Each structure stands twice: as structure tokens, then as C-alpha cells.
Amino acid sequence: MANKSAYSGKAFPVQDGDTLACTAADLCHAVRFIDAGTRNSEVFEIFEAAPQIQCLPVLADGLLVGLINRQSFMVQIAGRFHWEVYGKKRCTKVMDDAPVRIDAAMRIHEIADRLVGDVPGGLPESFVIVCDGKLQGVGFTSDVLAALRQHERRAADELRQHRDRLFAMIEERTRDLRLAKQEAERANRAKSDFLTRMSHELRTPLHAIMAFSQLGTQRHSDADRPRLGSFFARIHESTVKLSLLVDDLLSLSRLDTGRIVLDLGYTDLGELLATVRDTFADTAGHRNIVVRVDRPEAPTPLRADPQRIGQVLTNVLGNALKFSPLNSEIVLRLAVEYSGTAEPAVGYRLDVIDQGPGIPDDEMESIFESFNLSSRTQTGAGGVGLGLSISREIMNLHGGSITARNLPAGGACFSLHFPRA
Ligand SMILES: Nc1ncnc2c1ncn2[C@@H]1O[C@H](COP(=O)(O)OP(=O)(O)O)[C@@H](O)[C@H]1O
Ligand SMILES: [Mg+2]
């Protein structure tokens, strides 16, 4: 195999860019040449002394007359019996007198066509490169093949990269579609669950109202007053439940369409909290749950929509009660918040702490989505899962926030931040 890179220190030139754009000039090796009068023995010596020399152009009167290739020269010389005779003969006897001439500007694939197509006697090892009829140097067929091969490899690489990109794109699209489908299915399931729960939530108090009003109608003449009173109490309780549910649905649809407008005014957050607590006094009393309010003695003025904030407090306290065990305690801790240690106050923080089952860690956020119940309470106290999503929207509208966490001792803590306007 010819040692081409050592020939004149010239490496194959085209590393980047379009290999096919490279020309014979790029493949050209500067080379020494010999005169037509040179003897075979001298040629042999040249080849022997410089193993990197692969071929020698032969000139007569400055004009190119042939090319001696190392390999064919050696083969021919080895085949002669009378070396003394042939050694003294002129090299023109063994040279290729019609070497392939390639113009320096010729492109690589044209060179390949020439080498393969035009040469009688098979693929030549080398060729001469000329410019305006003048000898520039020599080129090697192996370089041409290497350049073509490099081009082919690069094209294949590009094709492969292109294919990989395409695959990645398809995969990504498929994943997106799958996610979208899952999301749609999830939403659909949530909707069905919601409808089931909603019908249940509507039907239970409705049934109670129907049953107790019917009882009252049938028994109003013979039943005693306390008994009639208890019928009315049950009817009232059920209508309150229904009314809360309808309120929630109304708020939800208004929030959804952005039609909630806050009716802002000044109110006292501590007072509002105490009022909401009082509305739950009976419910808490029945289950022997103590609701303790822990709030600053000084007034806690707040610019807000008192009705909406009342709705938030009702929901959060209602939840705490709903999920609290019998004979437990709920703490409503209201505190003023400062930025750093300095006045003035930046707002209020309310923690609603219960001793219930708490919330699974990975559902801390999802419980704030409409119709979502935590997996821990789903089959328990019921509910439609609207309260917290509405509460968060209302808090956001006020520039505040609501978040949930579990307490180390067990139970949930809902923290509400109210910025002070
Ligand atoms: N204090 C709490 N302790 C444990 N889980 C709670 C508490 N508050 C809310 N959750 C969970 O968050 C869910 C969503 O609450 P919410 O949106 O108010 O809906 P609902 O009260 O109709 O169930 C509840 O169903 C429950 O799973
Ligand atoms: Mg609720």
C-alpha cells in the first residue's frame, strides 16, 4: 500500500464543507520530476532512497512526456534478466507515456469519472495535474477514492441525523398527544365523578326536606310542638346546605367566566372570623369539637369584600369541622405579619389547624383544583370539591394566598395570607 501521506506531507485537504466541491488542485502533491534522459538505474536509486515518492513525471525540454509509477517500475525492472543492460537504458522505455492528465480545476467526481472511464488498462495509481498545460504536480487515485468515501460517509451521517431528529419529533408529538388524551380522560372522569357527587349532594338535603315537610303535613294536628320544631329544624338545615351548594356553583361559574367583581370595603378580619365561627357553633357542639380563636386584641382592619372573605373562611372552617374527629380541637390563629421586624404591618396570616387525617403530601396542590377531593377523604365526609378552588380564586383576587400543609403532630393546617391594602 502506498505511503501517500508521507509523500509531501500533504494530508487530504477537505475536512469540512462539501467534499464534492474540492478540485484537483486540492489533491495536488508537489513532486520532483526527472528528465527523459535519466537512466533506469538512477530512477531505481531515487525510488530506493525516498520511499515516499510514489511516481515521477518525466520531462523532455520542459514538457511532460510520461509518468513512472513506483510499483509498475519495480515490477517491470524485477522482470528483466539483464539488469546491467536495462539499468543503463533510458527511463522512457518503462514510463507510462500517456499518463492521465487532470486539469487543476476539475471537480472530484469528474476526476473519478475520468479515472474509471477513460483509461485503457485499468485504474491508474496516479495522474498528473496540469494548469494551462503546465505541470502542477501529481495526484493519487487513492486520494480521490478517500474524498468520495468521505463525502458518502458524511451524506450517510446527515441522513442518519435527519432520521433521528424526525424520530425524536414524532416521539415528542406522540407523547404530547398521549398526555393530552390522558388529561382529557382525567377531565372526563372528574366531570362524571362530579356529576355523581353533585346529584348525591343535591338529593340528600332534598330528600330530607321532602320527608320532613311531608311528616309535618301529615302530623301537624297530633304531633307535639317540640317534635314539629325538630322537623322544621331539619328542613332548615337541609335548605342551608342546598343554598351553600348553589352558592358555590354560582361562584364557580362566575369565577370561570371572570364575572366576579369584588365589592371592596373596610372590615375587621378578627370580627369576621368570630362571626363565621359562631355560625358553626351548633355543628361543632354536636360533635364536641372546640373551636378556639386566637387573635390579636387590637383591631385587625382589612380592605376586602367581606362577603367573599366570609365565604373563604366558611369553607376552610367547614372543611376543618367536616374532617375533624369527635372530641377534638380546631384552632383559628390570626396574627399580624410584618416585613422583617419593623412596622408597618404588611398583612395578616390566618392558620386553620385541625386534628383530622391531614392531606397526602402529593395532593397538597391538587385539592385546590375544582372537583378534586383528596384520596384520603374521598369516601368519607362527601362534598363536591369546589370550596377550596373557589377560596383560592377569591384569595388571589384579593392579592392574597391560601396553602395547605400537614402538621408534625397530625392534622392539616391551612394558611391564608391577607395583604393589607
Ligand atoms: N382540613 C382538611 N383535612 C383533610 N382534608 C381536607 C381538609 N380540607 C380539605 N380537605 C380535602 O380537600 C378536598 C377539597 O375540599 P373542598 O374544595 O373544600 O371540597 P369539599 O369540601 O366539597 O370536599 C376535601 O374533599 C378533602 O379531601
Ligand atoms: Mg369544602
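Helix H11 makes the greatest contribution to the shell around ligand 1, giving four residues. The model is predicted, and local features were therefore considered only at pLDDT of at least 70 and side-chain atom pairs only at pLDDT 80 or more, whereas totals for chains, interfaces and linings use all residues. Residues are numbered from 1 along each chain as its sequence is written, and chains are lettered from A and ligands numbered from 1 in the order in which they are written. Helices (H or I, at least four residues) and strands (E, at least two) are DSSP runs, numbered from the N terminus.

The shell around ligand 1 comprises 21 residues, the closest being Asn-319, Ser-374, Gly-383, Gly-387 and Leu-388. Two elements, helix H11 (306-323) and helix H12 (387-397), each give two or more residues to this shell. A residue is taken as near the ligand if its C-beta atom, placed from the backbone, lies within 6 Å of it. By class, the shell holds ten nonpolar residues, ten polar and one charged; here Ala, Val, Leu, Ile, Met, Phe, Trp, Tyr, Cys and Pro count as nonpolar, Asp, Glu, Lys and Arg as charged, and the others, Gly among them, as polar.

The domain assignment of the chain, which is automatic or taken from a database, gives domain 1 (5-149) and domain 2 (265-419). The centres of domain 1 and domain 2, taken over C-alpha atoms, are separated by 93 Å.

Helix H7 spans residues 141-219 and contains 79 residues. H7 is hardly covered, with seven buried residues among its 79. A residue is buried if 20 or more other C-beta atoms, placed from the backbone, lie within 10 Å of its own, exposed if 12 or fewer, and partly exposed in between. The buried residues of H7 are Thr-141, Asp-143, Val-144, Ala-147, Glu-201, Pro-205 and Phe-212. Their cover includes helix H2 (24-27), helix H6 (108-117), strand S5 (126-131), strand S6 (134-140) and helix H8 (225-256). Ala-168 also lies in helix H7, and it counts as exposed because it has 10 C-beta neighbours inside 10 Å.

The largest nonpolar core has 37 residues, of which Leu-313 and Val-352 touch the most other members. Such a core is a set of buried Ala, Val, Leu, Ile, Met, Phe, Trp, Tyr and Cys residues joined through C-beta atoms within 7 Å. H11 gives the most to this core, with eight residues. Excluding residues up to four places away in sequence, Leu-313 touches Leu-272, Leu-273 and Val-276, contact being defined by C-beta atoms, placed from the backbone, within 7 Å. Another core, of 26 residues, lies apart from it and includes Cys-28, Val-94, Ile-111 and Phe-127.

Two asparagines have positive phi values. Most residues other than glycine have a negative phi. Phi of Asn-288 is near 55 degrees, and Asn-288 is located in the loop between helix H10 (281-286) and strand S8 (290-294). For Asn-327, phi is about 55 degrees, and this residue occupies the loop between H11 and S10. Asn-288 is exposed because 10 other C-beta atoms lie within 10 Å; Asn-327 counts as exposed with 10 C-beta neighbours inside 10 Å.

Definitions and conventions:
The expected span of a helix is 1.5 Å times one less than its number of residues. Two residues are in contact if their C-beta atoms, placed from the backbone, lie within 7 Å.
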